[in-house]
Amino acid sequence: MRLREAGSLALVGLVALTALPCRAQNSADPENLYQPKLAAQLPPLRVEVIDGTRFRDIETKMVFRLYGIDACAPEQTASLGRQPWPCGTMVRAWLVTATLNSWVACTVISDEPGERLARCATAGHRDLAADMLRDGVAVVAPAAAGEPVIREYAAAETAARKAYRGIWSSTFQMPWDWRAAHKATAAVAARAEATP
C-alpha cells in the first residue's frame, strides 16, 4: 500500500461523515437520489508546523488549524514545582514529530479568515487532536456558540488530567487566558512607547 493511500485510509477512520443513500423510487432520476453533504476532504498533504495547533501545506501554503483544541502559545511556559518549562515549544515539537515525513489527511470543518479549521490524521495518528489531548499536550478549546464539544476529546482530556500527563503535571494558564493577558500587556507597552 502506498503512503498516500495509507493517509487516505486514516482519514476515513477520522470522521464518520458518510451516509447510506436512501432507495430512490426511480434510480435513473437524479432528483430522487439522496446525496449527503460531505465536508471537504482534501488529498493528503505534506506540512510544516507553525505552532501547537496550526500547520501549513508546503505546496499550496494553505494554513490548517486543528478543530476543537487549543495549546500553549509559542512563548508560553508552565511550571513544574519551581522549574519553568516551555510548554509552547513542547507542543510544537509534538506536532512536528507527528507530521514529519508523513502524509496528513484533513477533513475541513469550516473556512476561517486565512486558515481552514479541520480534523486531521496521519498513518500513525487516527485523529491528531485527540492524540494530543490524550498525551496532555493540548486542552479542549472552549466551544463557540452553537458548536458541540466532541465527546471523545473531552474524555481524552479528562483521562490525561487524571493521570497528570503532559501539561496537567504542571501549573499553567489556559492558552486563551495567556494570549489575552499578553495581548493586553503588549497594548499597554505599545501605548507607553508612543507617549513622549
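A cavity is a set of points, on a 1 Å grid over the protein atoms alone, where a 1.4 Å probe fits but cannot get out; a pocket is an open set with protein on both sides within 12 Å along at least five of seven lines, and lining residues have an atom within 4 Å of a point. A volume is the space filled by probe spheres set on the points, which are joined across faces, edges and corners.

The model is predicted: local features need pLDDT of at least 70, side-chain atom pairs count only at pLDDT 80 or more, and totals for chains, interfaces and linings use all residues. Residues are numbered from 1 along each chain as its sequence is written, and side-chain values use heavy atoms, with hydrogens and water left out.

**Exercise 1. Describe the largest cavity and the residues that line it.**

Step 1. The structure holds 1 cavity of 30 Å³ or more. The space in the largest cavity is about 50 Å³.

Step 2. Its lining consists of Asp70, Ala71, Cys72, Val137, Ala138, Val139, Ile167, Phe172 and Pro175.

Step 3. Sort these residues by class: Ala, Val, Leu, Ile, Met, Phe, Trp, Tyr, Cys and Pro count as nonpolar, Asp, Glu, Lys and Arg as charged, and the others, Gly among them, as polar. The lining of the largest cavity then has 8 nonpolar residues, no polar ones and 1 charged.

**Exercise 2. Describe the largest pocket and its lining.**

Step 1. The volume of the largest pocket is about 410 Å³.

Step 2. Its lining comprises 27 residues, and Arg65, Leu66, Ile69, Asp70 and Ala141 lie nearest the centre. Strand E3 (63–66) and strand E4 (69–70) are the elements that each give two or more residues to this lining. Helices (H or I, at least four residues) and strands (E, at least two) are DSSP runs, numbered from the N terminus.

Step 3. By class, the lining of the largest pocket divides into 17 nonpolar, 3 polar and 7 charged residues. Asp70 belongs to the lining of the largest cavity and is also among the residues nearest the centre of the largest pocket.

**Exercise 3. Is Ser170 buried or exposed, and which residues does it touch?**

Step 1. Locate the residue: Ser170 lies in the loop between helix H4 (151–162) and helix H5 (175–194).

Step 2. Apply the cut-offs: buried means under 20% relative accessible area, exposed over 50%, and partly exposed in between (1.4 Å probe, protein chains only). Ser170 is buried because its relative accessible area is 12%.

Step 3. List the contacts (heavy atoms within 4.5 Å). Leaving out residues up to four places away in sequence, Ser170 touches Ala78, Ser79, Leu80 and Trp85.

Step 4. The side chains of Ser170 and Trp85 are joined by a polar contact of 2.9 Å. Such a contact is a pair of N or O atoms within 3.5 Å; within protein, one must be able to donate a hydrogen and the other to accept it, and residues adjacent in sequence count only if both atoms are side-chain atoms.

**Exercise 4. Where is Pro84, and how many residues separate Pro84 from Ser170?**

Step 1. Pro84 is found in strand E6 (residues 83–85). Pro84 counts as exposed because its relative accessibility is 55%.

Step 2. Pro84 and Ser170 are 86 residues apart in sequence, and their C-alpha atoms are 9.1 Å apart in space.

Step 3. Neighbours within four places in sequence aside, Pro84 is in contact with Ala78 and Ser79.
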